[in-house]
Amino acid sequence: MSQPAGKLLLFGATGDLSQRMLLPSLYGLHADGLLPEGLTITGTARSDHDDAGFREFAREALDHFLPADRKDDSAVGGFLDRLFYQPLDASKTDGFAALAEKLGDISNGLAIFLSTAPSLFGPTIKGLESAGLTGDNVRIGLEKPLGFDLASSKVVNDIVAEAFPEDRTFRIDHYLGKETVQNILALRFGNSLFEPVWNAQGIDHVQITVSETVGLEGRAGYYDDVGALRDMVQNHMLQLLALIAMEPPARFNGTAIRDEKVKVLRSLRPIQGADVPNLTVTGQYGGGAVKGEIVRSYDTDLEKSSDTETFVAIKAHVDNWRWHGVPFYLRTGKRLAERRSEIVIQFKPVPHSIFADRGGTLQPNTLVIRLQPEEYIQLRVMAKQPGLDREGIRLKEVPLNLSLEHEFAGTRRRIAYERLFLDLIEGDPTLFVRRDEVEAQWQWIDAIREGWKASGMKPKPYASGGWGPSAAIALTERDGVTWNE
């Protein structure tokens, strides 16, 4: 691990992400005494603030977005004292000299968090170079999106690589900062119970669901150019798949873990040509009701007609020995029945039931890893119902629950960005995404998109408040599988 940085530079400091997540996360680290002593945080954006104006902006953001039990006047005051601000139009190189002057001496290390439009990545890197802000003691964190396909991703990565080598480049996927996501590693590699059956001999299939109840919610301009496949599957969902499917790393560090993840991503069976209509489903939400409220269709929200998908379901395979023949079902969508992020591991049934002649019906064991809104791990097992069994044995599926909120009730649940900010400041790359991972993800996604285009696939309409197009149900039921709902 590198020496902790003495200064943090925050691009996009007055944006929505900064108000909702970044400033509250940095405050949380400050309040808990986790930021290095003397660390300063300099925000920059086009907004015309001075230091006092930015501190007031940050105070209002904390007041609005912090939970009541986290608000502490003394801690807020100390955090605001760390904040400074320099207005900047990142598209123009000439403003970066003033930014460097504002930062002052960076000999004790500088961490940069870049949360801007992708079109500004190039000019920003050039501006940082021109101002001497890309030296050996500077590392950069990059918020997605990093391109919109493999070719554009390579362009972005090449631009970044000109100034920042891979060991000083931290690509952010905030899902990797979630406590339950990291618990996947603890569950798999910290318990002898699971690893012997964590393969094609023990597992029937895997489901990964990331569902949202919201629609565009102010993201219309961005989302219509991207769609569900690139917005959710390319990054978050493929990262979850890689953690579930990876081989045991030799040790817990950034190189070993990311080496194993990229092997999985490169082992994904390409979905292309005639396979695309059979293995993928796309949809777009229409009108309907979500949580009792009438909502509009995507086209109405967008105020124009569009072929952008708001729902995707995919049947994927990892072509290696461990996962031969095991399907991975992925689905994500907007305006669905409920907000949920979860991984479902369906184990194979017992090879022979001794209870069949006594009327007992067995269900295969299921492991559910819920990431949000609750955080828990649940193992569903079979148990005998109490009774004298005069008319046969009654069996019931019962859950063994590990609720992280209950078991660790005394530990504060952290925003994912808290961990990622701390790792960026300290130089720990383990929970960040390496370039070869990003490009392997894009290669797989691009083939699907090309298949959609070649076959003329258009998103199927689905009513808001449900679970997507009926074709998504058929995708699994052809294999005798039902989505976990």
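**Entry 1: strand S4**

I noted before anything else that this is a predicted model. I started with strand S4, residues 110-114, and asked how many of its residues are buried. Five of the five are, so S4 is largely enclosed by the rest of the structure. I then checked the two sides separately. In a regular strand the side chains alternate between the two faces of the sheet. Here Leu110, Ile112 and Leu114 are buried on one side, and Ala111 and Phe113 are buried on the other.

Next I looked up the strands that pair with S4. Strand S1 (residues 7-11) runs parallel to S4 over four bridges, and Leu9 has Ile112 as its bridge partner.

**Entry 2: the nonpolar cores**

Which residues have the most contacts inside the largest nonpolar core? I found Ile314, Phe328, Leu367 and Trp444, in a core of 111 residues. Helix H9 gives the largest share of this core, twelve residues. There is also a second, separate core of 24 residues, and Leu88, Ala100, Ile106 and Val138 are among them.

I stayed with Phe328 for a moment. At 1% relative accessibility, Phe328 counts as buried. Setting aside neighbours within four places in sequence, its contacts include Val206, Leu241, Ile244, Ile314 and Trp323.

**Entry 3: aromatic pairs**

I counted 13 aromatic pairs in the structure. One of them joins Phe113 and Tyr417, edge-to-face, at 6.4 Å centre to centre with 70° between the planes. This pair links distant parts of the chain, since Phe113 sits in S4 and Tyr417 in helix H14 (residues 416-426), 304 residues apart. Both Phe113 and Tyr417 are buried.

I came back to Phe328 for its ring partner. The ring centres of Trp323 and Phe328 are 5.3 Å apart and the planes stand at 75°, so this pair is edge-to-face as well. Trp323 is buried, with a relative accessible area of 0%. I also jotted down a cluster in which ring pairs link Phe54, Phe57 and Tyr85.

**Entry 4: Asp224**

Is Asp224 buried or exposed? I found Asp224 buried, at 13% relative accessible area; the cut-off for buried is under 20%. Asp224 is in the loop between helix H8 (220-223) and helix H9 (227-245). Its side chain makes a polar contact of 2.6 Å with the side chain of Ser306. Beyond four places in sequence, Asp224 touches Tyr298, Leu302, Lys304, Ser306 and Thr308.

Most residues other than glycine have a negative phi, and most peptide bonds are trans. I therefore wrote down the exceptions I came across. Lys291 has a positive phi of about 55°, in the loop between strand S8 (280-290) and strand S9 (293-295). Arg335 likewise has a positive phi of about 55°, and its loop runs between strand S11 (327-333) and strand S12 (340-347). Lys291 is exposed, at 69% relative accessible area, whereas Arg335 is buried, at 8%.

Pro373 lies in the loop between strand S13 (366-372) and strand S14 (376-384).

Notes
Residues are numbered from 1 along each chain as its sequence is written. This is a predicted model: local features need pLDDT of at least 70, side-chain atom pairs count only at pLDDT 80 or more; totals for chains, interfaces and linings use all residues. Side-chain values use heavy atoms; hydrogens and water are left out. Helices (H or I, at least four residues) and strands (E, at least two) are DSSP runs, numbered from the N terminus. Buried means under 20% relative accessible area, exposed over 50%, partly exposed in between (1.4 Å probe, protein chains only). A polar contact is a pair of N or O atoms within 3.5 Å; within protein, one must be able to donate a hydrogen and the other to accept it, and residues adjacent in sequence count only if both atoms are side-chain atoms. Contact means heavy atoms within 4.5 Å. Two strands pair if DSSP finds at least two bridges between them. A nonpolar core is a set of buried Ala, Val, Leu, Ile, Met, Phe, Trp, Tyr and Cys residues joined through side-chain atoms within 4.5 Å. Rings of Phe, Tyr and Trp (its six-membered ring) pair if their centres lie within 6.5 Å; planes under 30 degrees apart count as stacked, over 60 as edge-to-face and the rest as tilted.
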